[in-house]
Amino acid sequence: MNTLIFSAGILALLTALVHIIAGQIEPVRPFLKSELPDIPKATLLGCWHMVSVMLVISAAAFCFIGWFNFVEFQNLVILLSASFVFFSVVFIVVGWYFFKARTFIKLPQWLLLLSIGLLGFLGVI
């Protein structure tokens, strides 16, 4: 077992659950009740659920690869890890636009995403 990659998978799974459950309550419901036209709502809701799918599939891949220590899938782990690091950067940049330095508290998702990416990278070293 590669505990670092497996840990990235468990953290990604927890992140997916928070995204799917808490995300529906906090940002999604109020957004859907907003006065925005239906096309932007449908598009953004679709994007929201594509992220849900990405989180679940990534979690499954990290867990599977980590559990069985499949070294032949190191390139996939590197790609997924890089994706999570870049997702973290996106949250920091977008958050900085809206909240400046308060982004690190207002949008703490960056920390989970960065942790998943770093665990994955450390697992392939």
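The following legends describe close-up views of a predicted model.

Residues are numbered from 1 along each chain as its sequence is written, and side-chain values rest on heavy atoms, with hydrogens and water left out. Because the model is predicted, local features need pLDDT of at least 70 and side-chain atom pairs count only at pLDDT 80 or more, whereas totals for chains, interfaces and linings use all residues.

**View 1. Helix α5 and the helices it packs against.** Helix α5, residues 109–124, has 16 residues and spans 24 Å from its first C-alpha to its last, close to the 22 Å expected at 1.5 Å a residue; the expected span is 1.5 Å times one less than the number of residues. Helices are DSSP runs of H or I with at least four residues, numbered from the N terminus. Its buried residues (under 20% relative accessible area, with a 1.4 Å probe and protein chains only; exposed is over 50% and partly exposed lies in between) are Trp110, Leu113, Ile116, Gly117, Gly120, Gly123 and Val124. These buried residues of α5 pack against α1 (3–32), α2 (38–68), α3 (74–99) and α4 (103–106).

View 2. A pocket is an open set of points on a 1 Å grid over the protein atoms alone, where a 1.4 Å probe fits and protein lies on both sides within 12 Å along at least five of seven lines; lining residues have an atom within 4 Å of a point. The largest pocket holds about 1,000 Å³ of space, a volume being the space filled by probe spheres set on the points. Of the 24 residues that line the largest pocket, His19, Pro27, Trp48, Phe91 and Gln109 lie nearest its centre. Helices α1, α2, α3 and α5 each give two or more residues to this lining, and the largest share, 10 residues, comes from α1. By type, the lining residues divide into 19 nonpolar, four polar and one charged, where Ala, Val, Leu, Ile, Met, Phe, Trp, Tyr, Cys and Pro count as nonpolar, Asp, Glu, Lys and Arg as charged, and the others, Gly among them, as polar.

View 3. Serine 58 lies in helix α2 and is buried, with a relative accessible area of 1%. Leaving aside neighbours within four places in sequence, serine 58 is in contact (heavy atoms within 4.5 Å) with Leu80 and Phe84. Phenylalanine 84 is itself buried, at 0% relative accessible area.

**View 4. Aromatic pairs.** The whole structure contains 11 aromatic pairs, in which ring centres of Phe, Tyr or Trp (its six-membered ring) lie within 6.5 Å, with planes under 30 degrees apart counted as stacked, over 60 as edge-to-face and the rest as tilted. Phenylalanine 84 and phenylalanine 87 form an edge-to-face pair, 5.7 Å centre to centre with 70° between the planes; being three residues apart in helix α3, they are separated by about one helical turn. Phenylalanine 87 counts as partly exposed at 32% relative accessibility. The rings of phenylalanine 104 and tryptophan 110 have their centres 5.3 Å apart and their planes at 80°, so this pair is also edge-to-face. Phenylalanine 104 is partly exposed at 36%, whereas tryptophan 110 counts as buried at 17%. Ring pairs also link Phe64, Phe68, Phe70 and Phe73 into a cluster.

**View 5. Leucine 4 in helix α1.** Leucine 4 has its place in helix α1 and is partly exposed, with a relative accessible area of 32%. Not counting residues up to four places away in sequence, leucine 4 touches Leu119, Leu122 and Gly123.
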